[in-house]
Amino acid sequence: MTLATKQLTLSYGEKPIIENLDLQIPAGKITVLIGSNGCGKSTLLRSLARLLKPVTGAILLDGRDIFQHPTREVAKQLAILPQGPAAPEGLTVFQLVKQGRYPYQNWLQQWSKQDEQAVVQALQATGLTALADRPVDSLSGGQRQRAWIAMTLAQGTGTILLDEPTTYLDMTHQIEILDLLYELNETEKRTIVMVLHDLNLSCRYAHHLIAISNRQIYAQGSPEEIMTEQLVRDVFQLDSQIAVDPLYGTPMCIPYGKGRKLAQRTAVPQY
């Protein structure tokens, strides 16, 4: 499945958010959208999921305008996890994950063994089998986010869109969620597109990085290609130094600012 935009313009009311955007999402890769607050990352993600109609231009699913595809068929190819989703009180993990199978239900085809298997596999993939009967609202933040991801997995789509999936999670749970998404990409080759704020985690997990600024794509490519001090300055209005992550070899952004200095600054490896 291919997902792209052609001369895409998005707005809220009279205010343009994205203008004349041409974009191709690499299939089978992890793509991360970065940019300052309010630059249009989440708006673009919602548009890719067919939740927001363009002012002009088009979102293309397999080369065809996504709004020309039946809603049920789109839901079998794309799953989206919005920021901060909320489940009804008392809903169990199993019941939540089961909702991912709704695109496959109709008055002729009810719940099937295939649906049951998809839910069981999603629970296994996210490590939630033992928690299947627990209410979602009784889980920790990381467990709750995994439950929502399990729902998108049960949907059986080749592409998953996630809006800031690590927001409000502590460091341990951030890594847990990103590791899970990385494994899904590695083992199942699912295309993953997500919005992240942490530049260093973006560089660590993304195969493809898209920086958005001034309603346009400022730069796109692998983190090693595009993450520069100039990009951070132009996109985030922040001076920084780009070093090499000592564990992973990916770009690491060290911002300038005020703080305690314990030793003389030494040279840092540069990209």
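Predicted model: local features only at pLDDT ≥ 70, side-chain atom pairs only at ≥ 80, totals over all residues.
Does Ala-150 count as buried or exposed, and at what relative accessibility?

Residues are numbered from 1 along each chain as its sequence is written, and side-chain values use heavy atoms, with hydrogens and water left out.

**View 1. Ala-150 in helix H5.** With 0% relative accessibility, Ala-150 counts as buried (under 20% relative accessible area; exposed is over 50%, partly exposed in between; 1.4 Å probe, protein chains only). Beyond its neighbours within four places in sequence, Ala-150 is in contact with Val-97, Ala-122, Thr-126 and Leu-128 (heavy atoms within 4.5 Å). Helices (H or I, at least four residues) and strands (E, at least two) are DSSP runs, numbered from the N terminus.

**View 2. The buried residues of H6.** Here you can find His-173, Gln-174, Ile-177, Leu-178, Leu-180, Leu-181, Leu-184 and Asn-185. They cover an arc of only 145° around the axis, which puts them on the same side of H6 (the arc is that of the directions from the helix axis to the C-beta atoms). Their packing partners include strand E3 (30-34), helix H4 (113-125) and helix H5 (141-154). On the other side of H6, look for the exposed Met-171, Thr-172 and Thr-187.

**View 3. The two ends of H6.** At the start, a side-chain oxygen of Asp-170 comes to within 3.2 Å of the backbone nitrogen of Thr-172. Lys-189 follows H6 and has a positive phi, near 60°.

Definitions and conventions:
Polar contact = N/O pair within 3.5 Å; in protein donor to acceptor, adjacent residues only side chain to side chain.
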